[in-house]
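Me: I would like to learn how to read a protein structure, feature by feature. Where do we begin?

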Amino acid sequence: LALRRSTHSDIERAQMAAQVGGVPASEVAESSLLRQKGLGPSYGVGPLERQTSVDVKDDTCDDLCPSSEEHYPFLDLTRLGCVFMVAVDHGAPAFGYWNVFFAQGWVLQYLFLVCGVCFGMSKKPLLEYELRLGVYAVIGICVNWSAWLLMGLDWRSNFFNVVFHIWFVVGLMVYAVLLVPVRAFLVSTRAMCDQRAAAGENPEEADFPQDEEERGGDVSVPARAEQRDALLHALVVIGGGVLGILILFKEVMQPLLKILAPLVLQFVSVLGTGTSFWGLPQNSQESLVFLEQVCSYSMVTTTNLYLMFTCPRVFKRRQLTAWAVLINTYGHRMLWYRSSDERPWHGFDLMTIALTTYLLGILHRRTLGKYIARYWFVPIALCGLLWPAGTYGRLDETPPHDISLRIRSTMMEAIFVVVWLCAGDRIVHKEIFTEDKMVFMNDWALIVFLVHKAVHMMLPSPTNWLVILGIGPVCYIRRHMP
């Protein structure tokens with residue numbers, strides 16, 4: 001009886017929302033009943049569900065993908081768009097050099113964000129997760145290797161370029177191993193914060209001192225002093241730790257670099273001449289500079305991990321952690337030069353940002369997402385103003401030494417990352433998959449990711465593009481065949 005009453009109550013609330021949204025109430029009632037019985041599609045929370053819960057104030061409003069049991073279509077569509085742009089860039093590099101669609105600021109970044117969220121949602125054991133990625137890596141490398149053999153190219157002295165874009169999958173395998181303890185720690189941290197909130201602490205009033213008008217009443221002097229002391233304690237703990245990490249990597253580690261430089265050069269030489277494209281060292285001097293840069297990159301990553309550990313403990317709102325990691329990551333990228341060999345570290349940092357946002361949330365995500373979805377043209381206009389007109393080059397692969405240009409390009413990337421984290425699920429409609437039957441495009445994206453480089457190598461234009469696009473109908477027929 002209780003289940004039946006709750007079902008009818010949910011249907012009535014959905015019918016009321018349908019009257020506002022202009023959707024037939026009968027359809028809403030039927031879909032609500034199907035979901036109660038577990039028969040309806042589970043493609044995330046749609047517009048109707050958002051309308052029924054707008055006024056509900058709970059701790060999950062700032063969470064990204066709050067239910068790991070749901071299927072979120074914006075993750076699929078993001079992956080589709082990124083794979084398509086990667087295939088375009090590898091077949092027509094001019095698109096990347098002219099930064100068409102501002103692709104330098106979001107394509108690779110969104111791929112890492114999607115992987116970070118999916119890794120956080122995954123309940124598979126690490127071995128099974130690694131085996132699946134390993135199968136994809138082996139298939140992709142074999143396809144590329146076959147293209148090199150058929151074209152008669154020297155693959156033995158240039159194996160790094162044989163692997164080419166499959167290094168992304170190899171990187172994911174390494175990141176997954178490194179992030180397993182981080183994920184476990186964030187899960188336990190989330191549980192700790194939820195228990196603290198259930199104990200009666202008000203996170204909205206605990207992190208920052210508030211005036212009497214903001215509180216809507218009188219605030220005692222001891223209470224206000226206690227809030228300020230807590231904020232000062234948080235700043236000292238965070239600032240002291242960041243300073244200690246800076247000293248460690250900039251001073252303490254320096255004597256070890258001269259010892260490690262020859263070993264690094266010997267390892268890089270085994271990978272072939274293709275390593276020069278990614279900024280890896282080719283002589284002893286470059287090897288020493290490379291290690292110094294590695295210390296700088298590792299300093300940012302270590303600082304992010306430190307913030308993930310301390311912020312939920314010194315702040316009452318766990319959702320502040322994601323903002324701290326974002327500010328640290330992009331603040332360093334704006335102020336300090338980072339060479340082309342930094343991309344593996346940045347990929348790990350992006351997965352860390354996504355994992356932190358998924359497990360701890362990001363403060364005011366629902367509010368920001370609402371306005372980003374409403375004024376979607378504003379971020380695009382801002383990026384258009386930030387990007388210097390007529391600029392030619394891959395600033396994502398060869399970051400500029402000019403600080404003004406570096407700040408502009410980094411701000412563009414930060415805007416795209418924040419937009420996706422806060423409003424990605426609002427911009428994409430689940431009907432793309434439930435009504436338009438575009439699920440087969442997931443198969444297309446996987447196949448194209450693995451084979452597009454070999455297709456571009458072996459086939460001239462436009463035949464290569466016809467083959468890549470022709471994979472789509474094949475996937476559709478395969479999905480819908482009886």
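Reply: Begin with a charge over a ring: NZ of Lys or CZ of Arg lies within 6 Å of the ring centre and within 35 degrees of the ring normal. Here the charged end of Arg 183 sits over the ring of Phe 119, 4.2 Å from its centre. Arg 313 has its charged end over the ring of Phe 309, 4.7 Å from the centre. This is a predicted model, in which local features need pLDDT of at least 70 and side-chain atom pairs count only at pLDDT 80 or more, while totals for chains, interfaces and linings use all residues. Residues are numbered from 1 along each chain as its sequence is written, and side-chain values use heavy atoms, with hydrogens and water left out.

Me: How many helices and strands are in the protein chain?

Reply: Helices (H or I, at least four residues) and strands (E, at least two) are DSSP runs, numbered from the N terminus. The protein chain has 21 helices and zero strands.

Me: What span does helix H15 reach from its first C-alpha to its last?

Reply: The expected span is 1.5 Å times one less than the number of residues. H15 (residues 343-360) has 18 residues and reaches 25 Å, close to the expected 26 Å. Just after H15, Gly 361 takes a positive phi of about 80°.

Me: Is H15 mostly covered or mostly uncovered?

Reply: Buried means under 20% relative accessible area, exposed over 50%, and partly exposed in between (1.4 Å probe, protein chains only). H15 is mostly covered, with 16 of its 18 residues buried. Of the 482 residues of the protein chain, 43% count as buried.

Me: How many aromatic pairs does a search of the whole structure find?

Reply: Rings of Phe, Tyr and Trp (its six-membered ring) pair if their centres lie within 6.5 Å; planes under 30 degrees apart are stacked, over 60 edge-to-face, and the rest tilted. The search finds 19 pairs. Take Trp 98 and Tyr 392: their ring centres are 4.7 Å apart and their planes at 65°, so the pair is edge-to-face. These two residues are 294 apart in the chain. Trp 98 is in the loop between H5 (94-97) and H6 (107-121), and Tyr 392 in the loop between H17 (377-386) and H18 (403-427). At 47% relative accessibility, Trp 98 is partly exposed.

Me: How are the rings of Phe 119 and Tyr 129 arranged?

Reply: Their centres are 5.3 Å apart and their planes at 70°, so this pair is edge-to-face. Phe 119 belongs to H6 and Tyr 129 to H7 (residues 126-150). Both Phe 119 and Tyr 129 are buried. Elsewhere, ring pairs link Tyr 72, Phe 74, Trp 106, Tyr 110 and Trp 420 into a cluster.

Me: Which residues have the most contacts inside the largest nonpolar core?

Reply: A nonpolar core is a set of buried Ala, Val, Leu, Ile, Met, Phe, Trp, Tyr and Cys residues joined through side-chain atoms within 4.5 Å. The largest has 84 residues, and Cys 65, Val 117, Trp 420 and Trp 444 have the most contacts inside it. H6 gives the largest share, ten residues. Apart from this core lies another, of 14 residues, including Val 264 and Leu 291.

Me: What does Ser 287 touch?

Reply: Contact means heavy atoms within 4.5 Å. Not counting residues up to four places away in sequence, Ser 287 touches Ala 261, Pro 262, Val 264, Leu 265 and Pro 281. Ser 287 lies in H13 (residues 284-314). Its relative accessible area is 1%, so Ser 287 is buried.
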